[in-house]
Amino acid sequence: MSLQSPPEKPYRGSHRASSTGSFMEEITVARKELDALAIDSTPDSSSPPSLTGSPVAGMSPATPALDTLVADGFAFAFDIDGVLVRGGRAIPEAVEAMRYLNGENEYGLRIPYIFLTNGGGKTEEERCADLSGQMQIDISPAQFICGHTPMREMAERFRTVLVVGGEGEKCRQVAEGYGFRDVITPGDIIKHNSATTPFRKLTDTEFFNSRERDFGNVTIEAIFVFADSRDWAGDIQIMLDIAMSKGGRLGTLSETLDEGPPIYFSHNDVVWSAAHDNVRLGMGALRRMLEVIFKDVTKKKGVLHTHAFGKPQVSTFEFATRLLQRWRRQQHGFNAPPETVYFVGDTPESDIRGTNAYNEQSENDWYSILVKTGVYQEGTEPAYKPRVTVNNVLDAVRYGLQREMRKRVVHSFRKDVLGEEACLEALNGKDSAVLTPLEERASPILG
């Protein structure tokens, strides 16, 4: 795998490889001492095991009671399409990666993780059921974020909304499940007036499922694109009509062309990784088309109010942070946030860009990892550079665990070999030169 090394946040255990002779014997002794540290492998029933500020606290691969150990210092977050799944099928290494995270690794360490995808169009429960089957594990909605999941926080703000995208009535069902009180679909509008979309006719099933209503006194307060459109022409026409209306009332035309309701997209990915060899157009392309057509139709006089959720929006990563904290507290009793969150994605423009942007303001370290199994093209230079690039998701989780091992063990070696005072000085940046030779000498034994 190819590695990039941008500046780290304050001490997070970076290392450089080298070798030495007699010093390795000291390292071996020190590591054995670390293995002998008091670690309670039989925690009481009210509190899961804490590993005292490190994921392994000196654990070696041979340590017993492996199924009781959970990493408290770090966690993983995963994109799905192009990382775990491609074209509806699991990427082979992904199944093994999930087993690795669930304790089938050389340290017997279970590592908390969540999923953060721009995809949607189904309830989180349905998406989790699909992914559970693909990954051959049980995945809870409490550790899963779709592109439209943060939209649930807007259900109290808007009453009557138009929901676009997805298959059949699924997006309407998702919106109603989020608490939106009055949900309209493009099918409802076409059923009311078939002339709305001259080239799209509802199927018998669509006509039956679409709801009959009088739109004369209806005000659409917002438009939510929950999932990829199945009929771009028809959906763009309807969104354009509402965007040019007087305050969201169908059949009206604003004189200023700036009275339309806001339009929210669940993500902004122009392309995504599907079963085809080449990338496919995504929701970001639909948004771009709507914006360009609006300008053309209004002769650039109107104002279109569009917004995007999903990656790379920092607000989505903030939502993911809250979800991860709840999941760790619920499942493992950890109240403090993890020191490091490894985010694994395949799209530089959303996954890597968003992770790096959020990392600049987050209190903990969000560490971007790019895999080559999705959108990324071999031989290209990403516009947004990851901290590390690996072949697949299994390499990503192995890299993260080994990096954590090196961080914690090298940190302990500093104390044992250099002494507490020198270690504190080094961590405070007063004597950075003393860290370099130690890390170089320690690195070979750490694998």
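## Chain overview

Of the 447 residues in the chain, 51% count as buried. Buried means under 20% relative accessible area, exposed over 50%, and partly exposed in between (1.4 Å probe, protein chains only). This is a predicted model: local features need pLDDT of at least 70, side-chain atom pairs count only at pLDDT 80 or more, and totals for chains, interfaces and linings use all residues. Residues are numbered from 1 along each chain as its sequence is written, and side-chain values use heavy atoms, with hydrogens and water left out.

The secondary structure comes to 13 helices and 16 strands. Helices (H or I, at least four residues) and strands (E, at least two) are DSSP runs, numbered from the N terminus. Among contacts between residues at least 6 apart in sequence, 70% join residues at least 24 apart. Contact means heavy atoms within 4.5 Å.

## The parallel sheet

Five strands form an open sheet in the order β8-β7-β9-β10-β13, with parallel pairing. Its edge strands are β8 (182–184) and β13 (306–308), and each pairs on one side only. Neighbouring strands are turned by 25° against each other on average, direction ignored. Two strands pair if DSSP finds at least two bridges between them. Strands of a sheet pair through backbone hydrogen bonds, either parallel or antiparallel.

| Pair | Bridges | Residues opposite each other |
|---|---|---|
| β7 and β9 | four | V164 and V225 |
| β10 and β13 | three | I263 and T306 |

What covers the faces of β9? A222 and F224 on one side and I223 and V225 on the other are all buried. In a regular strand the side chains alternate between the two faces of the sheet.

Helix α8 (residues 283–298) lies across β9, β10 and β13. Helix α8 runs at about 155° to β10. Axes are lines fitted to C-alpha atoms, for helices over the stretch in contact, and angles run from 0 to 180 degrees between N-to-C directions.

## Two positive phi values

Most residues other than glycine have a negative phi. Q136 has a positive phi of about 65° although it is not a glycine. Q136 sits in the loop between α3 (124–135) and β6 (144–145), and is exposed at 59% relative accessible area. K299 also has a positive phi, of about 55°, and is not a glycine. K299 lies in the loop between α8 and β13. K299 is exposed, at 63%.

## The cavity

How many cavities of 30 Å³ or more does a search of the whole structure find? The search finds one. The volume of the largest cavity is about 40 Å³. On a 1 Å grid over the protein atoms alone, a cavity is a set of points where a 1.4 Å probe fits but cannot get out; lining residues have an atom within 4 Å of a point. A volume is the space filled by probe spheres set on the points.

T321, L324, Q325, P337, P338, V341, N364 and W366 line this largest cavity. Helix α9 (residues 314–332) gives the largest share of the lining, three residues. The lining divides into five nonpolar, three polar and no charged residues. Ala, Val, Leu, Ile, Met, Phe, Trp, Tyr, Cys and Pro count as nonpolar, Asp, Glu, Lys and Arg as charged, and the others, Gly among them, as polar.

Terms used
1 Å grid on protein atoms, 1.4 Å probe; cavity = no way out; pocket = protein on both sides within 12 Å on 5 of 7 lines; lining within 4 Å.
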